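Dear colleague,

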Amino acid sequence: MVSVNRVFAAQLAGLPVFGPDGESIGKVRDLVVGLRADRQPPRVLGLVLELATRRRIFVPMLRVTSIDPNAVTLATGSVNLRQFHQRANEVLVVGELLDARVTLASGAAAVLVDAAMEPSRTRDWRMTRVAVRERTGRLGRRGPVVVLRWEEIAGPSATQLADQPQGAQHLVAVFEGMRAADVALALHDLPAKRRYEVAEALDDERLADVIEEMAEDDQKDVIAHLGDERAADILEAMNPDDAADLLAELPEREKERLLELMEPAESAPVRRLLAYSYDTAGGLMTPEPVVLSPDATVAEALAHVRNPDLTPALASMVFVCRAPTATPTGRYLGCVHIQRLLREPPSDLVAGVLDTDLGTLSPNASLPDVARYFATYNLVCGPVVDESDHLLGAVTVDDVLDHLLPDNWRETGLTHA
């Protein structure tokens, strides 16, 4: 039995989904409806669920037994784990309907900010209500949000959604609490038009994080749409190794144009990375690990690895070098693992707790050699050092896996055993 009689899409998105025995299945990411040619409420076909493996699947509404304010429960039976693919006559409520422009019965222009579904006597769900914000005055000032019956608005049809420009503020709000990798997957599932609108609405830092998690084709598609000036800003906000990977896939003329538009201080480390083949330690490394001088204290080292912008892998190790400490550094002296830092007095110097026995990677080490290095030493981060003992950067295990997995691993996710 369904626990609530009216459910708004924006409230439903992100709710956990459980099986009949309480087992966790995933989270709701969207609703799929079939729009009608007349003004009658469209039928809700099902939910798009995101599994823990990031795979998105479709679950028909008939499988839903209850919708509570905090969770959705499915009926007994197996779940089809095939990747969700949107059909031509289907529309995603969160992905495509939110922010759509509509015309009210009064003739006023409005923006659709949410939509609600209700169960019918036949156990079907219909999209019966819409929350709209009327635009008033010649300057299009925003009015209050009102809830209307679906029949009280004109459109939108699937054709109108494909043709009209939409804002993206409400869709961006839905994405706000999601990880960048999950947003990247959600954008991959959207039509190109909506993907571009969301990209334009995101700020540079957030969009950079999302693009880093996108598949290669999606990265190139979004960067090409943004235009050179904004694309250069996004590349500056990306991690240098991710920016280099993306630029390496672009035509030479386009790559050079974007590098010239970047600030010299931001483009310099990217250019250094581009000098190495993508499947070597030099091509995999980031030039921004945690590097300290030997007279730094354990307390200083711990303060650096607490930086929330560091990935867990980069935060696992501190590298110690003589000045200068910006890569390429002065002479590399060794590293300190975070476990060792946590066991030492805060006032001690990092020079006294160095691991000088750990081998280093050559910038020309091949991808298989790098993988063997990580497996041999049980590491998640390793130093890349040149023949003159200068630290050039660090390779992290996530970059190694990114290059070892199939090219389409971001879209397909993982399968269940």
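Glutamate 50 is buried, and arginine 29 is buried as well, where buried stands for under 20% relative accessible area, exposed for over 50% and partly exposed for what lies in between (1.4 Å probe, protein chains only). Before going further, please note that this is a predicted model, in which local features need pLDDT of at least 70 and side-chain atom pairs count only at pLDDT 80 or more, while totals for chains, interfaces and linings use all residues. Residues are numbered from 1 along each chain as its sequence is written, and side-chain values use heavy atoms, with hydrogens and water left out.

Glutamate 50 and arginine 29 form a salt bridge, with 3.5 Å between the closest N and O atoms; the term requires a side-chain nitrogen of Lys or Arg within 4 Å of a carboxyl oxygen of Asp or Glu. Because glutamate 50 lies in strand S4 (residues 43-51) and arginine 29 in strand S3 (residues 24-34), the pair ties together parts that are 21 residues apart in sequence. Helices (H or I, at least four residues) and strands (E, at least two) are DSSP runs, numbered from the N terminus. A network of salt bridges links Arg29, Glu50, Arg56 and Asp189, and the whole structure holds 21 salt bridges according to the search.

Another of these joins aspartate 369 to arginine 372, with the closest N and O atoms 2.4 Å apart; both residues lie in helix H16 (residues 367-377), 3 residues apart, which is about one turn of the helix. Aspartate 369 is partly exposed, at 36% relative accessibility.

The search of the whole structure also finds 4 aromatic pairs, a pair being rings of Phe, Tyr and Trp (its six-membered ring) with centres within 6.5 Å, counted as stacked with planes under 30 degrees apart, as edge-to-face over 60 and as tilted for the rest. Phenylalanine 319 and tyrosine 332 form a tilted pair, at 6.5 Å centre to centre and 50° between the planes. Since phenylalanine 319 lies in strand S15 (residues 317-321) and tyrosine 332 in strand S16 (residues 332-337), this pair ties together parts that are 13 residues apart in sequence. Phenylalanine 319 is buried at a relative accessible area of 0%, and tyrosine 332 counts as buried at 11%.

Ring pairs also link Tyr373, Phe374 and Tyr377 into a cluster.
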